[in-house]
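Got the model open next to you? Let's walk through it with a few questions.

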Amino acid sequence: MKSQPQATKAKAAKIEAMKKIKAAYSQAKSEGRVKSYQVSPA
Amino acid sequence: MTPWLLQDFDVGDISCQIIEFSVQGYQYVMIFNRTDASRSEELIAKQAEELGVEYRENSYEVKFDLRENFESDTFFTPPPAHINAASMKELGRIIKELLDFHYRNSNAEAYYCVAETMKLKRFYDRLANLYAQELYFTVNSNLGEEGLGYEITTPSYKS
């Protein structure tokens, strides 16, 4: 059987942080509070 | 090289810049979240302790993921197909460019990140070896309980 990658505490914490960021982003987007810019890489 | 899309927003305790970019057909997001954005000092201290660092005043937590994962809430799911060495090299180079770009625009003292797998830790270690000197950054690695954390200090770091 192929072993699965180890799920780390770090990954769980990062997922929780991402959920909060995504929720904030969705709220900001729905309220028109996201400022967008195009950036040309140097 | 395709342009980056920078999105900037502040909501509650999140003060964030999200930069979208692409490498070899994959779309990615790199996320910079200011560590002290109206969060309680207690929470900041707890998170810093978990990582084994002292958070600086103007500092950011950094994460990157596939844009599709971010949009579908399947955070940090690996890409469906193997990413070849050339693409990984290009991805690393763009991550370096994005850190440099963000630093030049924020004057951040430090960045913090955590590798969620050993494979990513090897990738981050390689990037640190390749680019830290070029950017005049100092990378402290192997931080936190699992040794997967990083503190990247910049020339603006105030001791």
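What follows is a set of questions and answers on this predicted model.

Q: How many helices and strands does chain A have?
A: Chain A is 42 residues in all, and 19% of them count as buried. As for its elements, the count is one helix and one strand.

Q: How far apart are the end C-alpha atoms of helix H1 of chain A, and what span should its residues give?
A: Helix H1 of chain A runs over residues 9-30, which makes 22 residues. At 1.5 Å a residue, that should span 32 Å. The end C-alpha atoms agree with this, as they are 32 Å apart.

Q: Within what arc do the buried residues of H1(A) fall, seen down its axis?
A: The buried residues here are A:Ala10, A:Lys11, A:Lys14, A:Met18, A:Ile21, A:Ala24, A:Tyr25 and A:Ala28. They line one face of the helix, because seen down the axis of H1(A) they fall within an arc of 145°.

Q: Which residues are exposed on the other side of H1(A)?
A: One side of H1(A) is covered by parts of chain B, including strands S1 (4-11), S2 (14-23), S3 (26-34), S4 (59-66) and S5 (110-114). On the other side, the exposed ones are A:Ala12, A:Glu16, A:Lys19, A:Ser26 and A:Ser30.

Q: Which residue in S1(B) is the bridge partner of A:Tyr37?
A: After H1(A) comes A:Gly32, with a positive phi near 70°. Strand S1 of chain A (residues 35-39) pairs with S1(B) in the antiparallel sense, over five bridges. In that strand of chain B, the partner of A:Tyr37 is B:Leu6.

Q: Which element gives the largest share of the side of chain B that touches chain A?
A: In the contact between the chains, 28 residues of chain B meet 24 residues of chain A. On the chain B side, the elements giving two or more residues are S1, S2 and S3. By class, that side has 17 nonpolar, four polar and seven charged residues. The largest share, seven residues, comes from S1(B).

Q: Which residues touch the most other members of the largest nonpolar core?
A: In soluble globular proteins, nonpolar side chains tend to be buried together. The largest core here has 43 residues. Elements giving two or more residues to this core are H1 of chain A plus S1, S2, S3, S4, helix H3 (85-106), S5 and strand S7 (149-153) of chain B. The members that touch the most others are B:Cys16, B:Met30, B:Ile31, B:Val62 and B:Tyr111.

Q: Which residue of chain A is in contact with B:Ile31?
A: Leave aside the neighbours of B:Ile31 within four places in sequence. Its contacts in chain B are then B:Cys16, B:Ile18, B:Val62, B:Lys63 and B:Phe64. From chain A comes A:Ile21.

Q: Which residues of S7(B) point the other way from B:Gly149, B:Glu151 and B:Thr153?
A: In a regular strand the side chains alternate between the two faces of the sheet. Five of the five residues of S7(B) are buried. With B:Gly149, B:Glu151 and B:Thr153 pointing one way, the residues pointing the other way are B:Tyr150 and B:Ile152.

Q: Which residue stands opposite B:Thr153 in S7(B)?
A: S7(B) pairs with S5(B) in the antiparallel sense over five bridges, where B:Val114 stands opposite B:Gly149. Four bridges join S7(B) to strand S6 (residues 138-143) of chain B, also running antiparallel. In a hairpin with five residues between the strands, B:Gly144 in the turn has a positive phi of about 85°. Opposite B:Thr153 stands B:Thr138.

Q: Is B:Asn142 buried or exposed?
A: B:Asn142 is in strand S6 of chain B, and its phi is positive, near 60°, in a residue other than glycine. B:Asn142 has 12 C-beta neighbours inside 10 Å, so it counts as exposed.

Q: How far apart in space are B:Asn69 and B:Tyr28?
A: B:Asn69 lies in helix H2 (residues 67-72) of chain B and is partly exposed, with 17 other C-beta atoms within 10 Å. In sequence, B:Asn69 and B:Tyr28 are 41 residues apart. In space, C-alpha to C-alpha, the distance is 9.0 Å.

Key:
Residues are numbered from 1 along each chain as its sequence is written. Chains are lettered from A and ligands numbered from 1 in the order in which they are written. This is a predicted model: local features need pLDDT of at least 70, side-chain atom pairs count only at pLDDT 80 or more; totals for chains, interfaces and linings use all residues. The expected span of a helix is 1.5 Å times one less than its number of residues. A residue is buried if 20 or more other C-beta atoms lie within 10 Å of its own, exposed if 12 or fewer, and partly exposed in between; C-beta atoms are placed from the backbone. The arc is that of the directions from the helix axis to the C-beta atoms. Two residues are in contact if their C-beta atoms, placed from the backbone, lie within 7 Å. A nonpolar core is a set of buried Ala, Val, Leu, Ile, Met, Phe, Trp, Tyr and Cys residues joined through C-beta atoms within 7 Å. Ala, Val, Leu, Ile, Met, Phe, Trp, Tyr, Cys and Pro count as nonpolar, Asp, Glu, Lys and Arg as charged, and the others, Gly among them, as polar. Two strands pair if DSSP finds at least two bridges between them.
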